[in-house]
Each structure stands twice: as structure tokens, then as C-alpha cells.
Amino acid sequence: IMRTSALLALPATALAFSPSSIQSRAAGKSALAMSSPVESGLVDLAKKQNPVVGYFDPLSLAEQQFWGQSTDATIGFLRQAEIKHGRVAMAAFVGYWVQSNWHFPWAQTMAGDPFPSIDLSPEQQWDACPINARFQIITVIGLLEVWDEYGGGNDNPHYMKGRQPGKYPSFAQFRDTVHFVFDLYDPFNFNKKMSEEKKAERLLMEVNNGRLAMIGIFSFLVADKIPGAVPALADIATPYDGNVMVPFGADFSLSQSTIVGTLSFIGILCAANAGAANGRDELELESSESSSESSESS
């Protein structure tokens, strides 16, 4: 969980703060929706989340046009990224505590090998897991990301095109065409009758908890990697001499892991930019069609 959370955090964070990503494109600007933080509701949302801090965007990211798309699309991307990172951090934080004190009693592999001992730190436990198991974990996470990006295979809009940020699509189509699988959110429909106001309130709580979890999990990582760096955790930290940002560092050399990671990251960037270019072309086409219809009407 620890390594996985770090791995998940890299792509969206790098995309969000890449200098080339936040440059506005001159072409097609008139076709893009331009919403200010006030108009988009970000200022009011920030005050609800934290009345003391309020709206805080020193880099003016919410006013940028990532990949030449609208500010509304950019805001959708940033909100989706924060909610997703918060959820991963909460899972990692809880996982850190669980892994440090308990593991499954049954065998981890078909050969009968047990799960890594709780005498190891969570980072060491990850290194001790069979490499095939770690590849399986990351592959499943990648498939979940693909399902999210494609809106669950249905006509759900992308989160940069109007879908509610953080709303993971249902597995309904997968259940109907492949095999049964529970939805990630509310698999037993306990919240089916929950009002939209209550859902919005709980999302605010989730974002705040996610922010705290991000601080918490990285505090654990830093405390284990740099003894004494986090005084509050000095008594429970377990020194770790590996690299928490190299998920396969125990199996490959740093240079090999760096090459694999770099190629994977370039692939993610290419896919993201290709999707953004396609979305931008659709916006320009819609704008052109609207202009043509207006001209014909007049």
C-alpha cells in the first residue's frame, strides 16, 4: 500500500504542475469556457472545507487551461486529482497501521509462502512480497484507472467535461457483459436514498480527511527514511534504507527502475495529452458547428 500510494501520486501530480501543462494556447481560446474561481464555486467550496484558511491557490492553477482546454476542464482535473490522492492516502494511512500489527493468517502464494512478517515495516513488507504479486497489484490499479478515465464504458462524461469530480463510475456494464463485481462506492446501496445535500456534505468531509491523510502517510514515510525528521513519530518509526519512490528497487537496480518508470510515465503523458487533444478538437468542432448554425439562422 505504501509504495502503491507513492506510485499513484506521481502521474497526476506531475501532470498538474508540469510547466508545459499550464500554458494557455492562443488558438481556440474563444471556444473555451472561462470560469473564474468565484464563478466556478471554488471560493465558496474552500470556505466550507476550511473557514480559517479559505480559498488558497498561490499558483493560480484554477485559472489555467491545462492541455489547451477550458478553465472548467482544468478545475475538474484538479479536483479529481485531489479527491483521488486523498482516497489513496487514507487507504495507505490505515494500511500502514494494519500492516504494522497484523497480516492475513493464510498463505500468500500457491507455494505456501506466508505474508511478510509484521516485524518488518510496511515498506520492507512491500519489498518482501513476490514481484509477481506486486505487478498484479499495480496492474489492477491501472485497470481501475482506465475504467475511470473511460467513464465505466458508458456515456458518462469525463471529469474534465462535466462529470462530478471524484464520482467513480459503476461496474454495471462489466457485470452485465463479463462477470459479477461489486461497485467501489456503496456496493450494497446503503446510501441509495441519501439526499444530494448530505452527499455534498460528506464529500467535504472526505476531502478534508484526505488532506490530513496525505500529511499523515508522508509523515510515516519521512520518519522511516530520515530518523528524527518527525519527532512525534521517533519512537515508532522503523528505519528503512530503501527508496520509497522506487517501487521495484528491491528487485532491480536504481537505473533499471528509473528507466522502467520513465518509460511508463512518458506513456501516461502521451495518453493524457492525446485524450486532451481529442477533447479540444471536439470543443472546437462543436464551436464551429454552433457558429455555422447561427450564421445559417441569420
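This is a predicted model: local features need pLDDT of at least 70, side-chain atom pairs count only at pLDDT 80 or more; totals for chains, interfaces and linings use all residues.

**Helix α7 and its surroundings**

Modeller: The axes of helix α3 (residues 71-101) and α7 cross at roughly 55° and come within 7 Å of each other. An angle from 65 to 115 degrees would count as roughly perpendicular and one under 35 degrees as roughly parallel; α3 and α7 are therefore oblique to each other. Their crossing is left-handed. On the α3 side, the contact is made by Arg79, Glu82, Ile83, His85, Gly86, Arg87, Ala89, Met90, Ala92, Phe93, Tyr96 and Trp97. From α7 come Leu203, Glu206, Val207, Asn209, Gly210, Arg211, Ala213, Met214, Gly216, Ile217, Phe220 and Asp224. By class, the residues of this contact between α3 and α7 comprise 13 nonpolar, five polar and six charged.

The average pLDDT of the protein is 79, and 72% of the residues score at least 70. Residues 4-32 have a pLDDT below 50, although this stretch has 56 contacts in the model beyond near neighbours in sequence.

A further partner of α7 is helix α2. Helix α2 (residues 42-49) packs against helix α7 (residues 196-225) at an angle of about 70°, and the two axes are 10 Å apart. The helices α2 and α7 are therefore roughly perpendicular to each other. Here α2 passes α7 in a right-handed crossing, whereas the crossing of α3 and α7 is left-handed. Leu45, Lys48 and Gln49 of α2 meet Leu204, Val207, Asn208 and Arg211 of α7. Three nonpolar, two polar and two charged residues make up this contact of α2 with α7. Val207 and Arg211 of α7 belong to the contact with α2 and also to the contact with α3.

Leaving aside residues up to four places away in sequence, Val230 touches Ser219, Val222 and Ala223. The C-alpha atoms of Val230 and Phe220 are 8.2 Å apart, and these residues are ten apart in sequence. Phe220 is also one of the α7 residues in the contact with α3.

For aromatic pairing, a search of the whole structure finds 17 pairs. Among them are Trp147 and Phe174, whose ring centres are 6.1 Å apart with planes at 90°, so the pair is edge-to-face. Because Trp147 lies in helix α5 (residues 131-149) and Phe174 in helix α6 (residues 172-177), the pair ties together parts that are 27 residues apart in sequence.

Methods: Residues are numbered from 1 along each chain as its sequence is written. Side-chain values use heavy atoms; hydrogens and water are left out. pLDDT is the predictor's confidence in each residue, from 0 to 100. Contact means heavy atoms within 4.5 Å. Axes are lines fitted to C-alpha atoms, for helices over the stretch in contact, and angles run from 0 to 180 degrees between N-to-C directions. Helices (H or I, at least four residues) and strands (E, at least two) are DSSP runs, numbered from the N terminus. Angles under 35 degrees count as roughly parallel, over 145 as roughly antiparallel, 65 to 115 as roughly perpendicular and the rest as oblique. A crossing is left-handed if the near helix is turned anticlockwise from the far one by less than a right angle, and right-handed if clockwise. Ala, Val, Leu, Ile, Met, Phe, Trp, Tyr, Cys and Pro count as nonpolar, Asp, Glu, Lys and Arg as charged, and the others, Gly among them, as polar. Rings of Phe, Tyr and Trp (its six-membered ring) pair if their centres lie within 6.5 Å; planes under 30 degrees apart count as stacked, over 60 as edge-to-face and the rest as tilted.
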